[in-house]
Amino acid sequence: MNIDNLLDHLLGIEGGYSNNPKDSGGETNWGVTVAVAREEGYAGRMVDMTRDQAKMIYLRRYWVKPHFADIGARSAAIAAELFDTGVNCGTATSSMMLQRALNVMNNQATLYGDLKVDGAIGPATLTALDRYLAKRGREGEVVLLKALNCIQGERYIDLAERRQKDEAFVYGWIKNRVEIAA
């Protein structure tokens, strides 16, 4: 799946304007929170944000900046998962999920050394992913995707347990965001 398809899929899930008082993100349009919109230079009313303006924010902030495009050159499926999770949980969080999963799948550091779980995709994370995929192939890609989704699902449950207002969203998060690869 290319980035244009990912963006169209994401915007279909996120929908248009919302200002749900239970949503920690506050006022949003196309899933872009007002805080993110302002950080990305959007100064207009949130209700007026266009689909194309939201796409540009997603592309810059959730694809290029966290280096998910570099992941996509190695595995489109893993990049798509990191992108979607990054939009919903933050790109540093989705990057840490990848780093954690790679650390526990490195066969006691025989495939590659343990990564610093810092949420920054750089040369060490990319090299570890390259070595993991070279050793494990397509099956390993599927297993890594399952691991990422397990970590993501646990995060949603933890959030809802800690913040009761998030119970209003946990069903949809798991329904729309957690997919077990086949």
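Contact here means that heavy atoms lie within 4.5 Å of each other. The exercises below concern a predicted model, with residues numbered from 1 along the chain.

**Exercise 1. Helices H1 and H5**

Determine which residues of H1 meet which residues of H5, and describe how the two helices pack.

Solution. Begin with the contacts: on the H1 side they involve Ile3, Leu6, Leu7, Leu10 and Glu14, and on the H5 side Ala80, Phe83, Asp84 and Val87. Next take the geometry, in which the axes of H1 and H5 are 11 Å apart and the angle between the helices is about 35°. Finally, assign the hand of the crossing, which is right-handed where H1 passes H5.

**Exercise 2. Aromatic pairs**

Find how many aromatic pairs the model holds, and classify the pair of Tyr58 and Tyr62 as stacked, tilted or edge-to-face.

Solution. The count comes to 2 aromatic pairs. For Tyr58 and Tyr62, the ring centres are 5.5 Å apart and the planes stand at 50°, so this pair is tilted; the class follows because planes under 30 degrees apart count as stacked and those over 60 as edge-to-face, with the rest tilted. Both tyrosines belong to helix H3, which spans residues 51-64, and they are separated by 4 residues, or about one turn of the helix. Tyr58 and Tyr62 are both buried.

Now apply the reasoning to Trp63 and Phe83, whose ring centres are 5.9 Å apart and whose planes stand at 85°, so that this pair is edge-to-face. Trp63 lies in helix H3 whereas Phe83 lies in helix H5 (residues 76-89), so the pair ties together parts that are 20 residues apart in sequence. As for accessibility, Trp63 is buried with a relative accessible area of 11%, and Phe83, at 1%, is buried as well. Phe83 is also among the H5 residues that meet H1.

**Exercise 3. The surroundings of Arg51**

Identify the ring over which the charged end of Arg51 sits, and the residue whose side chain meets that of Arg51 in a salt bridge.

Solution. First, the charged end of Arg51 sits over the ring of Trp30, at 5.5 Å from the ring centre. Second, the salt-bridge partner is Asp8, with an N to O distance of 3.4 Å. Because Asp8 lies in helix H1 (residues 3-14) and Arg51 in helix H3, this bridge ties together parts that are 43 residues apart in sequence. Third, both ends are partly exposed, Asp8 at 33% relative accessibility and Arg51 at 31%.

**Exercise 4. A network of salt bridges**

State how many salt bridges the structure holds, and work out which residues are joined with Glu39 into one network.

Solution. The structure holds 9 salt bridges. One of them joins the side chains of Glu39 and Arg61, at 2.6 Å from N to O, and it links distant parts of the chain, with Glu39 in helix H2 (residues 34-39) and Arg61 in helix H3, 22 residues apart. Glu39 is exposed, having a relative accessible area of 54%.

Glu40 lies in the loop between H2 and H3, and Arg60 in helix H3, so the pair ties together parts 20 residues apart in sequence. Glu40 is partly exposed, with a relative accessible area of 22%, and Arg60, at 36%, is likewise partly exposed. To complete the solution, salt bridges that share partners join Glu39, Glu40, Arg60 and Arg61 into one network.

Technical notes:
Predicted model: local features only at pLDDT ≥ 70, side-chain atom pairs only at ≥ 80, totals over all residues. Heavy atoms only, no water. Phe/Tyr/Trp six-rings, centres within 6.5 Å; stacked < 30°, edge-to-face > 60°. Buried < 20%, exposed > 50% of the residue type's maximum accessible area, 1.4 Å probe, protein only. Lys NZ or Arg CZ within 6 Å of the ring centre and 35° of its normal. Salt bridge = Lys/Arg side-chain N within 4 Å of Asp/Glu carboxyl O. Axes fitted to C-alpha atoms, helices over the stretch in contact; angles between N-to-C directions. Left-handed = near helix turned anticlockwise from the far one by under 90°.
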